[in-house]
Amino acid sequence: EEAEALLHAAHGFHDTVLVSLHYVSGSERTKEGMLCSDRARQVTMLFHCDWTPPIELVFEGVKALNLRPAGTNGCSILTEATCRVRDAMVFFSAGWCEEGEEGTFPGTAVWAYSLRWRFLSDRS
C-alpha cells in the first residue's frame, strides 16, 4: 500500500528527472584507522517534476544499486517508475519493471530494506 501511495502521490514519476543520487556507505577513516563497516548503506535520490514539488527518496539498508545514466542517444527523463515491496525488501526502478523481473531490470534501480520519501517545498 505504501509503495502504491508513493507512486500515486508522484504521478507515477511521469515526466520526472533524476537530479542527483548520493550514496553513504558508513565506512570512514577514524583516529584509530580505517573503519570498514558499511553500516549506513544509504541512497538519497532527488527528482524534479512539472507535476509535483521536488521529491526526495531515502533508501536505507541498501542491498543493491544499479545506476544507468542516459546515453548519448537518450534523455534523463522518466516516463514512469516501479516501486514494490516483496520479502521485506523495497524495489524502486526508474522505469516500468514486470513483476518477478526485478533482478534483471536493465535500468537504474535500488533494492533496500526501507524507504522514506517526502516532497520538498522548493527546487532544492
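Mentor: Let us begin with a definition: rings of Phe, Tyr and Trp pair if their centres lie within 6.5 Å. In this predicted model, the structure holds 7 aromatic pairs.

Trainee: Why is the pair of phenylalanine 59 and phenylalanine 92 called tilted?

Mentor: Their ring centres are 5.9 Å apart, and the limit for a pair is 6.5 Å. Planes under 30 degrees apart count as stacked and over 60 as edge-to-face; the angle here is 50°, so the pair is tilted.

Trainee: What makes this a link between distant parts of the chain?

Mentor: Phenylalanine 59 belongs to strand β5 (residues 55-66) and phenylalanine 92 to strand β8 (residues 89-93), and the two are 33 residues apart.

Trainee: Are these two residues buried or exposed?

Mentor: Buried means under 20% relative accessible area. Phenylalanine 59 has 0% relative accessibility and therefore counts as buried. Phenylalanine 92, at 1%, likewise counts as buried. Both residues also belong to one aromatic cluster, together with Phe13 and Phe47.

Trainee: What makes phenylalanine 91 and tryptophan 111 an aromatic pair, and how are their planes set?

Mentor: The distance is 5.2 Å centre to centre, against the limit of 6.5 Å. With 50° between the planes, this pair is tilted. Phenylalanine 91 lies in strand β8 and tryptophan 111 in strand β9 (residues 109-119), so the pair ties together parts that are 20 residues apart in sequence. Both residues are buried.

Trainee: What makes up the lining of the largest pocket, by class?

Mentor: There are 10 nonpolar, 3 polar and 1 charged residues. Of these 14 lining residues, Arg68, Ala70, Ser76, Leu78 and Thr108 lie nearest the centre. The pocket holds about 240 Å³ of space.

Trainee: Which classes occur in the lining of the second largest pocket?

Mentor: That lining has 9 nonpolar, no polar and 2 charged residues. Glu counts as charged, and Glu1 and Glu2 are among the lining residues. The volume of this pocket is about 170 Å³. Elements giving two or more residues to its lining are α1 (2-9), β7 (82-86) and β9.

Notes. Residues are numbered from 1 along each chain as its sequence is written. This is a predicted model: local features need pLDDT of at least 70, side-chain atom pairs count only at pLDDT 80 or more; totals for chains, interfaces and linings use all residues. Side-chain values use heavy atoms; hydrogens and water are left out. Rings of Phe, Tyr and Trp (its six-membered ring) pair if their centres lie within 6.5 Å; planes under 30 degrees apart count as stacked, over 60 as edge-to-face and the rest as tilted. Helices (H or I, at least four residues) and strands (E, at least two) are DSSP runs, numbered from the N terminus. Buried means under 20% relative accessible area, exposed over 50%, partly exposed in between (1.4 Å probe, protein chains only). On a 1 Å grid over the protein atoms alone, a cavity is a set of points where a 1.4 Å probe fits but cannot get out, and a pocket is an open set with protein on both sides within 12 Å along at least five of seven lines; lining residues have an atom within 4 Å of a point. Grid points are joined across faces, edges and corners, and a volume is the space filled by probe spheres set on the points.
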